[in-house]
Protein chains: 4
Amino acid sequence: MKDIQNLQDDRRISIRKVGVKTISYPVTVLDREKKLQHTVATVNMYVNLPHRFKGTHMSRFVEILNKFHGEFNLRNFYLILQEMKEKLDAEAAHLEIHFPYFMERSAVGCSGNFGTERYECRMHGSLQECNDLVMEVEVPITLPQSMGRWGYARVSVRFKEFLWIEELISLVQQGIRAGAELSASVESLCGQLGDTLKATSAISWFRVEVENLADGCSTFATVESSTSFQYF
Amino acid sequence: MKDIQNLQDDRRISIRKVGVKTISYPVTVLDREKKLQHTVATVNMYVNLPHRFKGTHMSRFVEILNKFHGEFNLRNFYLILQEMKEKLDAEAAHLEIHFPYFMERSAVGCSGNFGTERYECRMHGSLQECNDLVMEVEVPITLPQSMGRWGYARVSVRFKEFLWIEELISLVQQGIRAGAELSASVESLCGQLGDTLKATSAISWFRVEVENLADGCSTFATVESSTSFQYF
Amino acid sequence: MKDIQNLQDDRRISIRKVGVKTISYPVTVLDREKKLQHTVATVNMYVNLPHRFKGTHMSRFVEILNKFHGEFNLRNFYLILQEMKEKLDAEAAHLEIHFPYFMERSAVGCSGNFGTERYECRMHGSLQECNDLVMEVEVPITLPQSMGRWGYARVSVRFKEFLWIEELISLVQQGIRAGAELSASVESLCGQLGDTLKATSAISWFRVEVENLADGCSTFATVESSTSFQYF
Amino acid sequence: MKDIQNLQDDRRISIRKVGVKTISYPVTVLDREKKLQHTVATVNMYVNLPHRFKGTHMSRFVEILNKFHGEFNLRNFYLILQEMKEKLDAEAAHLEIHFPYFMERSAVGCSGNFGTERYECRMHGSLQECNDLVMEVEVPITLPQSMGRWGYARVSVRFKEFLWIEELISLVQQGIRAGAELSASVESLCGQLGDTLKATSAISWFRVEVENLADGCSTFATVESSTSFQYF
């Protein structure tokens with residue numbers, strides 16, 4: 001029989017997060033070819049607090065963001081998190097940015113050989129005792145025979161060593177090509193992508209989702225490596 | 001110094017999920033006034049598998065869904081999860097539905113006294129050894145003096161006893177009114193909502209997010225109760 | 001040399017529209033199989049006014065909408081427009097509804113033979129001296145060999161005689177099949193759809209857009225018949 | 001009694017458009033402060049054709065776009081349209097771009113005094129015998145007393161003389177402030193915006209929509225000047 005008193009204790013409020021979300025912001029990110037790429041990001045910034053928070057401090061989040069003039073690279077990412085943690089006297093700080101990243105495309109699409117391809121990218125960083133960063137890219141899948149949009153591969157990774165966004169995207173595209181040779185199923189592409197990322201020493205953790213856009217509903221498969229957090 | 005061999009082990013592929021997502025589907029849900037409410041849901045169904053999955057079984061997900069003719073209530077939710085787990089020989093089954101729920105509104109808006117208000121609702125159920133269900137509602141916040149859309153309260157709960165969607169929404173609206181009397185800030189509304197849900201014995205766990213739509217970016221606060229999973 | 005005085009005249013304010021938009025509303029629409037289908041619509045209602053408008057009358061729009069209990073058929077559509085025109089003493093009344101319509105699917109997708117397909121539908125009616133109604137359906141295109149979502153056909157029509165939504169959708173699917181046999185290009189599908197609709201005596205006017213979802217961008221083609229408005 | 005033969009004629013296919021749509025593309029636009037602003041645009045390019053179109057030419061659209069390296073200003077806009085018309089041997093060429101434009105904000109929001117505000121901008125150009133360009137900006141409305149997002153003003157204009165995006169936005173903000181002093185209604189703001197734009201000699205045509213985000217539905221009002229097309 002359930003102990004209500006104990007449940008009451010269970011339901012005590014224990015976690016507080018406050019911050020700003022969906023700030024649209026012009027940013028620059030690292031580009032292997034052009035050194036810097038200009039794009040537009042959506043930014044979320046929030047902190048874990050042990051105690052009630054003074055709303056009057058909300059503006060500090062964006063003051064910190066502006067101080068870095070929208071330049072996002074691994075170093076700035078860490079510095080922003082540190083400043084959030086200090087300035088807001090927080091247990092943990094979180095910074096999430098989401099932006100389209102553009103690359104010259106090799107595939108011959110409607111845009112001929114001169115086109116650019118858009119990749120949705122996300123960087124989710126947090127700083128508590130240690131720093132954690134997850135990078136995510138969404139790579140459209142268009143199979144030679146598919147004459148349309150077959151689907152998407154969404155890959156999230158943690159790094160042991162720095163990887164360019166371009167390197168991560170090209171790893172994903174390799175895995176897709178390899179998987180498609182076996183069979184164009186979410187299972188086969190997902191398994192192959194898992195094997196490809198597993199064999200990449202710079203990557204300490206990954207999660208893969210492959211989605212096939214079909215009539216009325218999408219089918220999907222995911223794999224994830226079982227590593228614990230990797231700090232750097 | 002890190003043991004690479006060990007990291008290789010860490011990176012072994014350990015989790016597999018497969019399923020269908022974003023199926024748009026006409027459904028009926030329980031309505032305290034009208035017994036049943038017709039609405040349109042977006043449905044995700046997926047399972048955890050210990051082994052490689054035969055893609056040819058994908059159609060089983062929707063066959064199971066169709067068997068229940070889009071009738072969603074707590075009992076059917078559990079039966080669908082059970083059938084998914086069995087038919088697909090899975091470690092765990094997951095069913096997520098997301099639908100707009102309509103209620104007569106009391107507030108005098110542009111729609112006069114006769115209008116209906118739309119509330120985004122989500123039910124996320126999973127069945128492993130035990131059954132777990134999280135219900136979520138999004139309640140728009142319009143303060144008397146705000147002359148516009150002030151923001152949203154997003155409340156997720158686990159139940160100890162059955163609650164109507166109407167009861168959960170009205171609990172949230174009580175908390176908003178109470179919090180707004182103190183001060184119209186995300187912290188004050190969030191804290192008050194937390195206290196309101198904490199005092200509701202039918203609720204074993206909750207998470208609250210209050211968002212204020214402001215210029216250029218939104219501010220938000222969240223609280224969560226610290227209970228462990230409640231099974232029923 | 002330009003006559004500024006005359007331009008000033010040109011720039012006099014001459015058109016006023018007021019109304020309510022993006023009302024989410026549970027509705028019923030005609031279904032050939034089930035007589036009625038329950039779905040959720042987004043509704044826009046507005047009127048043209050010769051003079052300044054009293055904002056206090058905004059609630060009348062939704063009062064009129066509620067009076068018809070969300071039952072939408074050709075007759076009610078006309079009655080709602082008439083009541084808007086009278087009650088708001090307007091030169092013209094406009095009613096736009098947009099809803100997903102669900103049909104049993106024949107195609108074997110991930111949902112097997114038992115699935116339902118979702119079609120976006122729009123009805124745009126206006127009443128000035130005469131009544132005008134445009135019906136629009138969006139039909140997903142999935143070619144046998146495409147293994148994904150090839151694209152969409154968006155077809156808008158005016159009627160000379162009543163057509164069920166099911167009949168319009170199946171006309172579009174016929175046109176797609178016929179066009180795909182020639183070549184799977186936006187031009188070939190668009191041309192074939194135009195010929196199919198042109199040969200349908202119940203249709204007095206049509207516009208067709210065929211879109212192919214390709215890498216990075218979509219290609220599209222449109223055709224439109226040159227008829228003037230058809231009143232009924 | 002209707003003349004069917006004549007209706008058959010009416011339904012002859014008379015208009016053809018082909019092109020590419022929703023190309024996401026990094027662009028630069030003119031910025032009064034910083035000379036150039038980097039942003040990300042969504043681009044549609046299409047042409048009217050008197051005859052059947054060879055799909056193989058689709059890639060030309062993006063080849064033309066790439067030739068201008070995503071630099072958009074009034075002069076390039078016209079040159080791109082000219083090249084589309086020639087290269088594709090078209091009756092008319094159409095270029096639509098839609099991008100977020102960022103400006104330092106003066107209002108003290110959650111982002112303090114250092115924030116940036118995002119404005120949705122659209123430029124729709126077409127070239128037939130003459131050149132036509134419509135510029136559109138969406139300006140968020142946040143009234144001092146509204147403590148949230150009151151709504152939006154969407155203003156489309158044709159120019160007699162060049163106006164910076166900054167100038168157009170500040171004209172709209174003037175009109176909003178002036179209208180809000182009278183009363184915070186869609187009617188009052190819309191009327192005041194109309195008067196403000198009408199008094200601006202650089203503007204030859206305008207359309208204004210003011211939307212108030214209210215519970216469950218939005219109310220809106222529009223005004224439009226009655227000028228005929230202004231070519232430049």
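A residue is called buried at under 20% relative accessible area, exposed at over 50% and partly exposed in between, with a 1.4 Å probe and protein chains only. By this criterion C:Phe220 is buried, because its relative accessibility is 5%. The model is predicted, so that local features require pLDDT of at least 70 and side-chain atom pairs pLDDT 80 or more, while totals for chains, interfaces and linings use all residues. Residues are numbered from 1 along each chain as its sequence is written, chains are lettered from A and ligands numbered from 1 in the order in which they are written, and side-chain values use heavy atoms, without hydrogens and water.

Over all chains, the structure holds 12 aromatic pairs (rings of Phe, Tyr and Trp, the last by its six-membered ring, with centres within 6.5 Å; planes under 30 degrees apart are stacked, over 60 edge-to-face, the rest tilted). One of them is edge-to-face, C:Tyr46 with D:Phe220, with centres 5.7 Å apart and planes at 70°. C:Tyr46 belongs to strand S2 (residues 35-48) of chain C and D:Phe220 to strand S9 (residues 218-225) of chain D, so this pair joins two chains. Strands are DSSP runs (E, at least two residues) numbered from the N terminus. Both C:Tyr46 and D:Phe220 are buried.

C:Phe220 and D:Tyr46 likewise form an edge-to-face pair, with ring centres 5.7 Å apart and planes at 70°. D:Tyr46 is buried at a relative accessible area of 12%. D:Lys21 lies over the face of C:Phe220, 5.2 Å from the ring centre (NZ of Lys or CZ of Arg within 6 Å of the centre and within 35 degrees of the ring normal).

Terms used
Helices (H or I, at least four residues) and strands (E, at least two) are DSSP runs, numbered from the N terminus.
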